Amino acid sequence: MTRAIGIDIGGTGIKGAIVDLDAGELVSERIKHATPEGGEPADIIETVRQLVDELVTEHGGADVAHIGVCFPAIVRNGRTMSAANVSDEWIGLDADARFTEALGRDIHFVNDADAAGFAEAIYGAARDRRGLVIMTTLGTGIGSAFIYEGVLIPNTELGHLELGGDDAEHWAANSAREREGLSFEQWAERLTRYYRHVEFLFSPDLLVIGGGVSKQHDEFLHLIDVATPIVPAELRNNAGIMGAAALAQRHAH
């Protein structure tokens, strides 16, 4: 059994677990801590260190070599180049080096949507699918991940595609549906416009729709009028943890 630790850092919570990478499942319970107020790097690193300590001492993770961490930012060569819902101190930070130093083991840092998309491609809704898989998460904004033949193409920001003179996520994200009180039918019209544009630009073989609202996929997925097959994400709240762990192990080899 090949195991790695996955950590998913969000604006409100930090979750972690030990993942069996062969079976594609969590083999410890999922531990969650609140994200420290202000989201400063030092405070988040300390919270992650405590969480990893718990997994190592109480959940049998003592022999786990690799840790993957996913985070809501553009991540280039281990550096966080943006910051959403956390301190601006993350911008330009060598997160790989800081976490490696604090945790004393091999760390791989990755964008949160990329981690979730990779997990869906390897273990979830897109497993065994050939060609280009595009996963988008519909939430406060729109996150995205491109996986081509099992390889992640990182840091796509499809929420910021400009369409109609504005970032698409400003009018097509789930937050826009809630803010404007749209019916699922009205929202699906906007999503159709958005996904047709994505389809035209990238010719994906499969679209995977994630984010919390994907639980209600029966209400709107069939109303999105595109030629590309479109399926709901399967891994829910574990996708980031699983993808971060799997990428850490791949990155190490």
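Helices (H or I, at least four residues) and strands (E, at least two) are DSSP runs here, numbered from the N terminus. Keep in mind that this is a predicted model, in which local features need pLDDT of at least 70 and side-chain atom pairs count only at pLDDT 80 or more, while totals for chains, interfaces and linings use all residues. Residues are numbered from 1 along each chain as its sequence is written, and side-chain values use heavy atoms, with hydrogens and water left out.

Let us start with a loop. Asn-77 sits between S6 and S7, and its phi is positive, at about 50°, although it is not a glycine. Most residues other than glycine have a negative phi. Asn-77 counts as exposed because its relative accessibility is 80%; exposed means over 50% relative accessible area, buried under 20%, and partly exposed in between, with a 1.4 Å probe and protein chains only. Another non-glycine residue with a positive phi is Ser-203, at near 45°. You will find Ser-203 in the loop between helix H6 (184-202) and S15, and with a relative accessibility of 53% it is exposed too.

Two strands pair if DSSP finds at least two bridges between them.

Now move on to an open sheet of 5 strands, with the order S12-S11-S10-S15-S16 and mixed pairing. From one strand to the next, the twist averages 25°; angles run from 0 to 180 degrees between N-to-C directions, and axes are lines fitted to C-alpha atoms, for helices over the stretch in contact.

On one flank, S10 and S11 form a hairpin with 3 residues between them, pairing in the antiparallel sense over 7 bridges. Within that pairing, Ile-134 has Phe-146 in S11 as its bridge partner, and Met-135 stands opposite Ala-145. S10 also runs parallel to S15, joined to it by 5 bridges, with Thr-136 opposite Ile-209 in S15. How many residues of S10 are buried? The count is 7 of its 7 residues. Leu-132, Ile-134, Thr-136 and Leu-138 point one way, whereas Val-133, Met-135 and Thr-137 point the other way.

Helix H3 lies across S10, S11, S12 and S15, and runs at about 45° to S11.

Which residues have the most contacts inside the largest nonpolar core? They are Leu-21, Val-110 and Val-208, in a core of 30 residues. Such a core is a set of buried Ala, Val, Leu, Ile, Met, Phe, Trp, Tyr and Cys residues joined through side-chain atoms within 4.5 Å. The elements that give two or more residues to this core are strand S2 (13-20), helix H3 (112-122), strand S10 (132-138), strand S11 (142-148), strand S15 (206-210) and helix H8 (239-252). H8 gives the most, with 7 residues. Leaving aside neighbours within four places in sequence, Val-110 is in contact (heavy atoms within 4.5 Å) with residues including Val-69, Phe-71, Ala-115, Leu-152, Ala-244 and Leu-247.

Several of these elements return in the largest pocket, where about 1,400 Å³ of space lies. A pocket is an open set of points on a 1 Å grid over the protein atoms alone, where a 1.4 Å probe fits, with protein on both sides within 12 Å along at least five of seven lines; lining residues have an atom within 4 Å of a point. Grid points are joined across faces, edges and corners, and the volume is the space filled by probe spheres set on the points. Of the 44 lining residues, the closest to the pocket centre are Pro-72, Asp-112, Thr-137, Gly-139 and Thr-140. H3 gives the most to this lining, with 4 residues.
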